[in-house]
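Here is a short briefing for a first look. The points are grouped by topic.

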Amino acid sequence: RYKLAPDAILPGYHARFAARLVHVTASKSILGDPAGLAQLHSAAQELTEGLTELLGVKFAQDCCGTPDETSASVRAAGTLYVQVMDQAGTSLGDEGFEIGRTSDGDVQIRAGTASAALYGSFHLLSLMQRAEPVPVALKSAPALGLRIWDMWDNIDGSIERGFGGRSLIWPMALDPANWTRAIALRVEGMSRLLKSVGVNGAHLR
């Protein structure tokens, strides 16, 4: 899914993420929301797998607790931190995020919602896949609240004006018994693709 970073920038990435650890924390209200917790785990998994492939070394993850539960053993230099606090405590809105540094100089993704943290995770990996420097201070928030993929899939599985084969959704969605592991993986891949480019909804015919 991700290609090994070029030799010219790889040593810098290794130095920046020397601890080979992704550490995710969030407020108790976010951790108590099943949907939010699932997105936090998705962000941790995407970062862990993405950094492993980009840097060519195994990364581990620590997800998900509150900031005050972070132990001294986790605070190793070169850890990537993902911190999600209640939206009311940030100026980032529902889907905005920041990529910057902690007081110790480690890379940190900050967001006010779990969904925004996942957007920030994809953004960091996208920058690194393009061999760009890890941002020191980057703030991003979408200009539009709805960013929808308008699907032209017909309920019989055919696609209007489409050239990519049969539908990933129909007719399987009509009966859960039709879902196979292969179909689930394809839908998961489609969902990752949409999230990675900032899409937050889909219109089904």
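The side chain of T113 comes within 2.4 Å of the backbone oxygen of D94. That is a polar contact (a pair of N or O atoms within 3.5 Å; within protein, one must be able to donate a hydrogen and the other to accept it, and residues adjacent in sequence count only if both atoms are side-chain atoms). This is a predicted model, where local features need pLDDT of at least 70, side-chain atom pairs count only at pLDDT 80 or more, and totals for chains, interfaces and linings use all residues. Residues are numbered from 1 along each chain as its sequence is written, and side-chain values use heavy atoms, with hydrogens and water left out.

**More on T113**

- T113 sits in the loop between β5 (107–111) and α4. Helices (H or I, at least four residues) and strands (E, at least two) are DSSP runs, numbered from the N terminus.
- The T113 side chain also reaches the backbone nitrogen of A116, at 3.1 Å.
- T113 counts as buried because its relative accessibility is 17%. Buried means under 20% relative accessible area, exposed over 50%, and partly exposed in between (1.4 Å probe, protein chains only).

**The largest pocket**

- What is the volume of the largest pocket? The value is about 280 Å³.
- A pocket is defined on a 1 Å grid over the protein atoms alone, where a 1.4 Å probe fits: it is an open set of points with protein on both sides within 12 Å along at least five of seven lines. Lining residues have an atom within 4 Å of a point.
- Grid points are joined across faces, edges and corners, and a volume is the space filled by probe spheres set on the points.
- The lining of the largest pocket consists of R1, Q39, S42, Q45, E46, E49, L118, F122, E188, S191, R192 and K195.
- Helix α3 gives the most, with five residues.
- By type, the lining has six charged, four polar and two nonpolar residues. Ala, Val, Leu, Ile, Met, Phe, Trp, Tyr, Cys and Pro count as nonpolar, Asp, Glu, Lys and Arg as charged, and the others, Gly among them, as polar.

- T52 belongs to helix α3. A polar atom of the T52 side chain lies 2.7 Å from the backbone oxygen of T48.
- Beyond its neighbours within four places in sequence, T52 is in contact (heavy atoms within 4.5 Å) with V57, K58 and F59.
- R186 lies in helix α5. R186 counts as partly exposed because its relative accessible area is 46%.
- Leaving aside neighbours within four places in sequence, R186 touches R166 and L168.
- R186 and Y2 are 184 residues apart along the chain, and their C-alpha atoms are separated by 17 Å.

**The disulfide and the cis peptide bonds**

- A disulfide is a covalent bond between the sulfur atoms of two cysteines. Here the rule is a pair of cysteine sulfur atoms within 2.5 Å.
- The count by this rule is one disulfide. That bond joins C63 to C64, with 1.5 Å from S to S.
- C63 and C64 are also joined by a cis peptide bond, with omega about 10°.
- C64 is placed in strand β2 (residues 60–65). Is C64 buried or partly exposed? C64 counts as partly exposed, because its relative accessibility is 23%.
- Another cis peptide bond joins W170 and P171, with omega about -5°. P171 is in the loop between β7 (148–150) and α5.

**Positive phi angles**

- R20 is not a glycine, yet has a positive phi of about 55°. R20 is in the loop between α1 (10–16) and β1 (21–26).
- R20 is partly exposed, with a relative accessible area of 40%.
- A131, also a residue other than glycine, has a positive phi near 60°. A131 lies in the loop between α4 and β6 (138–140).
- A131 counts as partly exposed at 27% relative accessibility.

**A buried glycine**

- G100 is in strand β4 (residues 97–101). G100 is buried because its relative accessible area is 13%.
- Apart from neighbours within four places in sequence, G100 is in contact with D106, V107, Q108, P135, V136 and A137.
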